[in-house]
Amino acid sequence: MIHVYLMPGMAANPSIFEYIKLPKERYTLQALSWKIPEPAETLEHYAQRMLEEIKEPDPVLLGVSFGGVLVQEMAKFIKYKKLIIVSSVKSKAELPKRMRFCRALGLYRLAPVSLARNIDTLANYAIGDRLKHKVELYQKYLSITDPVYLNWALEQMLCWEQTKSKKDLIHIHGTSDPVFPYRYIDNCIPIPGGTHAMIITKCKWFNKNLPKIIEN
């Protein structure tokens, strides 16, 4: 049995993996949840705390977006079978220019992360079916709105210092990702038309190809 641990993206809950289905006779899927960071906690220390949730040896670690950054940090402390990131980055060099700009000027300290807590208020004023549907999706998948977590996560993402990734890292990235544009990404498995949310929108691709990627 292969144990696959799934780490969602920033502010996202485990439901983003609800459409990921792998053969049950071969794989056990365990979606992880974000913890509230301790005061002044480093990403390294947070990764070690998250490893408390890993119960089996030689797991597969798969992380989406900022969750992809976190599983790379976790992988520095354990032996694993496969390390996979989706819609994420392998080093600070793959961050888009706007994020590097925010980092250089320290603008992340001024980021209005409190707006994420007001999604329910926004839902009350949503006009039009398309906007209402988007709000409903945000409410469903982006439910981690604690301001301590959000401020910490944003700073850790923008100030990540990694310059070299593990050689066995597998990076899956969409060519239409607006958060981490494909043009900045090197050495990945490209998913044509894949957006930042492709773990949901391209779930059929993942269900078909993940077993081959994991066992190759």
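Leaving aside neighbours within four places in sequence, Phe66 is in contact with Gly9, Met10, Trp34, Leu43, Tyr149, Trp152, Ala153, Gln156 and Met157, where contact means heavy atoms within 4.5 Å. This is a predicted model, in which local features need pLDDT of at least 70 and side-chain atom pairs count only at pLDDT 80 or more, while totals for chains, interfaces and linings use all residues. Residues are numbered from 1 along each chain as its sequence is written, and side-chain values use heavy atoms, with hydrogens and water left out.

Phe66 also takes us to the nonpolar cores. A nonpolar core is a set of buried Ala, Val, Leu, Ile, Met, Phe, Trp, Tyr and Cys residues joined through side-chain atoms within 4.5 Å; buried means under 20% relative accessible area, exposed over 50%, and partly exposed in between (1.4 Å probe, protein chains only). The largest such core has 36 residues, and those with the most contacts inside it are Leu61, Phe66, Leu70, Met74, Val89 and Tyr149. Helix α6 (147–158) is among the elements that each supply at least two residues of this core, and its seven residues make up the largest share. Another core, of 26 residues, lies apart from it and includes Val86, Ile199, Phe206 and Ile213. In soluble globular proteins, nonpolar side chains tend to be buried together.

Now to strand β3 (residues 60–64), where five of five residues are buried. Helices (H or I, at least four residues) and strands (E, at least two) are DSSP runs, numbered from the N terminus. Val60, Leu62 and Val64 cover one side of β3, and Leu61 and Gly63 the other.

| Strand pair | Sense | Bridges |
|---|---|---|
| β1 (residues 2–7) and β3 | parallel | four |
| β3 and β4 (residues 82–86) | parallel | five |

Within these pairs, Leu6 is bridged to Leu62 of β3, and Val64 to Val86 of β4. From β3 the chain crosses through helix α2 (residues 66–74) to β4 in a right-handed β-α-β crossover: with the strands pointing away from the viewer, the path from the first strand over the helix to the second runs clockwise.

Pro37 sits in the loop between β2 (27–31) and α1 (43–50) and counts as buried because its relative accessibility is 7%. Beyond its neighbours within four places in sequence, Pro37 is in contact with Tyr46, Arg49, Val148, Tyr149 and Trp152. The C-alpha atoms of Pro37 and Val148 are separated by 7.3 Å, although these residues are 111 apart along the chain.

Methods. Two strands pair if DSSP finds at least two bridges between them.
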